[in-house]
Amino acid sequence: MDETEFWELVDASREAAGGDPDEQADHLVERLLRLDPDTVLDFARHFEGRYNRSYRWDLWGAAWVLLDGASDDAFDFFRCWLIGQGREVFEGALHDPDSLAGLLGDFDEEVDGDGEELGYAADEAYEQLTGTVAPDLGIAPTASEPEGTPFDLEDESVLAERYPRLWERFKD
């Protein structure tokens, strides 16, 4: 599976779910079940690679503004959700986290921002296809600390300065 096929599966599942992350995970599992187990593992590698790339302080700050706070787990689930938003939103957020203010359409804090189930879709599909747990993907695990320079996520003046567009859209 190449990068284009990965994003096509993500996009198709999001569109079929009407943007609901839990339904998107269900649609993604359905689509992955149409593939062979090795291709499902390829999908998992693509997903995990992006998940690891997004473990960054600047994205955690953006998640903090969007979600009105984001614990370790909430940030993990946010990163899965961010991948589920598709290539343009994901890559845009990596390039400039504050750009999420313009990249995101409607944002419902109760539904959006939590893609926990998306993170399990490939594992679930692989297990249904083979009857066994997915093997190790052979990629480096997430770093112990986010990439970049840490800052005080609870300091609203810092957040407002670092993320002016997100702050204006989601905090005013």
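## Chatting through a predicted helical model

Reader: Let's start at Glu 168. Buried or exposed?

Author: Glu 168 is exposed, with a relative accessible area of 57%. Keep in mind that this is a predicted model.

Reader: Which helix is Glu 168 in?

Author: Glu 168 is found in α10, which covers residues 164-171.

Reader: OK, let's go inside. How many residues does the largest nonpolar core have?

Author: It has 52 residues. Those with the most contacts inside this core are Leu 32, Phe 43, Leu 66, Phe 78, Leu 82, Leu 100 and Leu 166.

Reader: Which helix gives the most to this core?

Author: That's α4, residues 57-67, with 9 residues.

Reader: Take Leu 100 from your list. What does Leu 100 touch?

Author: Setting aside residues up to four places away in sequence, Leu 100 touches Ala 62, Leu 66, Phe 78, Leu 82, Val 89, Ala 93, Leu 166 and Arg 169.

Reader: Val 89 and Ala 93 make me curious about α6. Which residues of α6 are buried?

Author: In α6, residues 87-95, the buried ones are Val 89, Phe 90, Gly 92, Ala 93 and Leu 94.

Reader: What covers the buried residues of α6?

Author: The cover includes α1 (3-17), α3, α4, α5 and α7 (100-103).

Reader: What else is Arg 50 in contact with?

Author: Beyond its neighbours within four places in sequence, Arg 50 is in contact with Phe 6, Trp 7, Ile 83 and Phe 90, as well as Glu 3. Phe 90 is one of the buried residues of α6.

Reader: Next topic, Leu 9. Where does Leu 9 lie?

Author: Leu 9 lies in helix α1, and it is buried, with a relative accessible area of 13%.

Reader: What is Leu 9 in contact with?

Author: Leaving out the neighbours within four places, the contacts of Leu 9 are Met 1, Leu 28, Arg 31, Leu 32, Leu 35 and Phe 43. The C-alpha atoms of Leu 9 and Arg 31 are separated by 7.3 Å, and the two residues are 22 apart along the chain.

Reader: Leu 35 is on that list. Where does Leu 35 lie?

Author: In the loop between α2 and α3. Leu 35 is partly exposed, at 25% relative accessibility.

Reader: What does Leu 35 touch?

Author: Not counting residues up to four places away, Leu 35 touches Met 1, Leu 9, Val 40 and Leu 129. Leu 35 and Leu 129 are 94 residues apart along the chain, yet their C-alpha atoms are separated by 8.9 Å.

Reader: Where is Asp 68?

Author: In the loop between α4 and α5, and Asp 68 is exposed, at 52% relative accessibility.

Reader: Pockets now. What volume does the largest pocket have?

Author: About 350 Å³. It is lined by 20 residues, with Phe 47, Glu 48, Gly 119, Tyr 120 and Asp 123 nearest its centre.

Reader: Which elements give two or more residues to that lining?

Author: Those are α3 (37-53), α5 (72-84) and α8 (121-130). The largest share, 5 residues, comes from α3.

Reader: How does the lining of the largest pocket divide by class?

Author: There are 14 nonpolar, 1 polar and 5 charged residues.

Reader: And the second largest pocket, what volume?

Author: About 220 Å³. It has 15 lining residues, and the closest to its centre are Glu 110, Val 111, Asp 112, Gly 113 and Asp 114. Here α2 (21-32) and α5 are the elements that give two or more residues to the lining.

Reader: How does that lining divide?

Author: Into 5 nonpolar, 2 polar and 8 charged residues.

How values were computed. Residues are numbered from 1 along each chain as its sequence is written. This is a predicted model: local features need pLDDT of at least 70, side-chain atom pairs count only at pLDDT 80 or more; totals for chains, interfaces and linings use all residues. Side-chain values use heavy atoms; hydrogens and water are left out. A nonpolar core is a set of buried Ala, Val, Leu, Ile, Met, Phe, Trp, Tyr and Cys residues joined through side-chain atoms within 4.5 Å. Buried means under 20% relative accessible area, exposed over 50%, partly exposed in between (1.4 Å probe, protein chains only). Helices (H or I, at least four residues) and strands (E, at least two) are DSSP runs, numbered from the N terminus. Contact means heavy atoms within 4.5 Å. On a 1 Å grid over the protein atoms alone, a cavity is a set of points where a 1.4 Å probe fits but cannot get out, and a pocket is an open set with protein on both sides within 12 Å along at least five of seven lines; lining residues have an atom within 4 Å of a point. Grid points are joined across faces, edges and corners, and a volume is the space filled by probe spheres set on the points. Ala, Val, Leu, Ile, Met, Phe, Trp, Tyr, Cys and Pro count as nonpolar, Asp, Glu, Lys and Arg as charged, and the others, Gly among them, as polar.
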